[in-house]
Each structure stands twice: as C-alpha cells, then as structure tokens.
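Dear colleague,

My findings follow it, arranged by topic.

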Amino acid sequence: MASTSAGDRSETRNWLEMPDEIMGGMILQRLGAVEILNNAQKVCTTWRRICKDPAMWKVIKISHYFHASDSDFVFEKLCKQAVHRSCGELIDISIKHFGTDDLLDYISRCSSKLSRLCLKACYDITGCGLNNALKRLSHLETLELSYTSILVEDIEVIGHNCPLLKSFTLKTNFMYYDGQVHAIANSMPTLRHFKLVGSTMDTDDGIRAILNDCPHLESLEIRMCFCRCLDENLEKLCRERIKEFKFKRDGIPIGLQ
Amino acid sequence: MSKKTLTLMSKDKQLFNIEEHLAVQSVTIRNMVKEDGASSVIPLPRVDSETLALVIEYLNRQQAPEEDEDYVKKFVDERGEIPTLLELAQAALDLDIKKLMDAACMKVADLIKDFTLEEVREALRIENDRTPEEEKAIRDEFQWAF
C-alpha cells in the first residue's frame, strides 16, 4: 500500500522545512540549554535561527553533573548566554550544582518577568546575593532553595521582596528549623504551597504559626529525618485545614538520599 | 446502529476509513465534524499514506485510560527511526493530536541528544550551511560569554 519507505522519505524530505513550533518548541528546546548552546545551534543556519528565538529560552534548566570547580565557570557563562538569549522573556530558571552571586545578579537584571527560581545545591550563592537578586524579581511566585544557606533574616527579606510568592520549597541539612519556619509564617502570608525538607525541628510551634498565618495554604509537605512525631492534634488540624498535607520522617540523613 | 465512519485522504491520494468517535481524538477533525458534519472525504495534504496508516493505528488503539501513557510511549519507541517520527510529529501537528505529537517529538529529542554535530546532520540530511561570518559570530558569542 505505501509507496515510500522511511528510507526513501529521508532522501527526499527537507526536514528544515518543518514548522518551527515542532523543531524548535517541541524538539530542540527539549535538548536543554547546554546541549543547544554547545551543539544544536551549530548544526546549520536554520537551527541557529531557531535557537536564537527568545521563545526558546523562557524556561532554562541547567545542571552541572560533575561538581568539579574548575568547570563551574563554564556553566556560569553558558547560563548567562542562555539568559541573554531570552531577551527578558525568561519566566522559569533552575540551576543545580553551580552558580555564584554574580550569576544571580545577572539573571535578576535581565529577567523582570521571572516567576520561578530554583537553586539546587548552589553552594557559592549567599543569602545576601539571593536577597539582592530578589529585590528585582518582584514577580516571583515560586522559589525553591536546596542546600542554600538561608538565615532567619534572609527569609524575612525574601517575604518582603516577593509579595506574590505562592510556592516556597526549602531544603537544607540545618539541624534546627524553628526560626526559619516562624519567619516564613510571619513574612509570607500569601503562600499556597510550602515544602520543607530538612533535619529536624525542636517544637511544633513553627507549623502552628504556618497554619495560623498562611490562610491560603493548599499544600504543606514536611519531610524530616531524626524528627519527633507531630503532636496528634496538630496533625489532625493540618489534615482538616490543608487540602494536601504530607508529613514524613525519613530516618535517612538528607544528602545521602 | 452502525457507527459512523469518516474517510481520510493522504497526500498520495490513498483513502483510509476510521470510525468517527475514534477520529475525533484529533482536534482538527473534531472541529470539522462540528462545523459541517464532515460527510465527504477529509484531505490531509501534508501526510503521506505510510504516516497516515500509523496515525490511524494510533487512533484505533483500545487502551484503558490509565495505560494510555505507556502505550503512546511504546508506540513511538517501536517506530524509532527519526524520519518516521518527524513525519508522525508533523501529521500529529496538522491533526492536532497532542499526546502523539509530544511523544514523537520527545523521542526525536531523546535520540539526537547524544549525537555529535555530524551525526545530527547525517540523520536529518542537513547540510552545514554556516557561513564564515556565522562561524565567527558563534565564536564571538562565546568570547562575550567567557
């Protein structure tokens, strides 16, 4: 029935005539920023044009897999190039295992529309650097911080600088969390989603404060290792008040997972 | 009551029948049916018969909803050649079948992810048409970055 085989087809078909929405938005974008900048954009003129389209760079996700500090700067530069290409259209950025205050400063200066920022194990980013950047990111709705050193004061400043914040994830291996959780309750009353992963909390007071002071909260997830159980009444209250409530004790030190 | 059947025509004028309730998984066809009943043959000028046969096979699947994701993935996995997948993606775009388009594009991205520049060019029969000016622009860009 078929008059052509896949082999014949590839002889005659010009794949560069495919609509940009497939080649760019659906295929090349999925390769990720590093692969696009290092490889895909060099394939031909058409792909280079597609790869320069700011629409390709609204979402940027870059992970540095090998934590070898001598190549950190390469990832930092690649990330800047990716942000540069977004021409201010960036709405969502995740970086992992690299990044400095300088990079964060660059992102914040170029990306006034940013609504989601995710920093995972960016050990060189300081609370001060983060806060300086967040001053310019007033549209931020989602913030995820893993293994970034965050003090109580930092959280208060974040709450002040990001009045639209709806979703906050904090993951560290600090021993005690109570202060931070209180600060979140005090300074982020608009939160809808809060996820806390860490070592332990001394008391349940922080969780009580979150319940009282964040009336819009729809989901609350707490994962602790070496932690007591929650007070029974408090756990019941959480389940009643919050659509999605998860409390889990892992027993495995975070970071070894 | 017999189920209503639609006829789709490929670029190379082959005709394919498919039951209407299955065909309307394609948003394009659904809209046509809504507008004029789509009683006549529906022409698909950019889809060849081989690809249309695959699309029909996909639309005719009898999967439980919870197994559908796995089915779509397997469906494109079994047609792992890049030209076939790109034809499928184009057809799924024209017919507006989102799940199939996503899966086909994702598979292509997976396949070319680890290719070298030359391998990408070979797989897609793309010529390196970069001019010396562009070569320089790429170098300068990274100069700027570094």
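**Helix packing in chain A**

In this predicted model, helix H6 (residues 101-110) of chain A packs with helix H7 (residues 127-134) of chain A at an angle of about 5 degrees, and their axes lie 9 Å apart. Angles under 35 degrees count as roughly parallel, and H6(A) and H7(A) are therefore roughly parallel to each other. On the H6(A) side, the residues that meet H7(A) are A:Asp101, A:Leu104 and A:Ser108; their counterparts in H7(A) are A:Gly129, A:Leu130 and A:Ala133. Sorted by class, this contact of H6(A) with H7(A) comprises three nonpolar, two polar and one charged residues.

**The largest pocket**

The largest pocket has a volume of about 520 Å³, and 19 residues line it. Those nearest its centre are A:Leu31, A:Gly32, A:Ala33, A:Lys61 and B:Lys113. Two elements give two or more residues to the lining of this pocket, namely helix H3 (33-38) and strand E1 (59-63), both of chain A. Strand E1(A) supplies the largest share, with five residues. By class, the lining of the largest pocket is made up of 11 nonpolar, three polar and five charged residues.

**The largest cavity**

How many cavities of 30 Å³ or more does the count give? The count comes to one. The space in the largest cavity is about 60 Å³. Chain A contributes A:Leu31, A:Glu35, A:Asn39, A:Ala40, A:Val43 and A:Trp47 to the lining of the largest cavity, while chain B contributes B:Ile112, B:Phe115 and B:Val120. The class count for this lining is seven nonpolar, one polar and one charged residues.

**Confidence of the prediction**

For the complex, the predictor gives an ipTM of 0.85 and a pTM of 0.84. Chain B has a mean pLDDT of 88, with 93% of its residues reaching 70 or more. Which element of chain B has the lowest mean pLDDT, and which the highest? The lowest, 74, belongs to helix H8 (residues 132-145) of chain B; the highest, 95, belongs to helix H3 (residues 49-59) of chain B.

With kind regards

Technical notes: Residues numbered from 1 in each chain as written. Chains lettered and ligands numbered in written order. Predicted model: local features only at pLDDT ≥ 70, side-chain atom pairs only at ≥ 80, totals over all residues. Heavy atoms only, no water. Axes fitted to C-alpha atoms, helices over the stretch in contact; angles between N-to-C directions. Helix = DSSP H or I, 4+ residues; strand = E, 2+ residues; numbered from the N terminus. Parallel < 35°, antiparallel > 145°, perpendicular 65-115°, else oblique. Contact = heavy atoms within 4.5 Å. Nonpolar A, V, L, I, M, F, W, Y, C, P; charged D, E, K, R; others polar. 1 Å grid on protein atoms, 1.4 Å probe; cavity = no way out; pocket = protein on both sides within 12 Å on 5 of 7 lines; lining within 4 Å. Points joined across faces, edges and corners; volume = space filled by probe spheres on them. pLDDT = per-residue confidence, 0-100.
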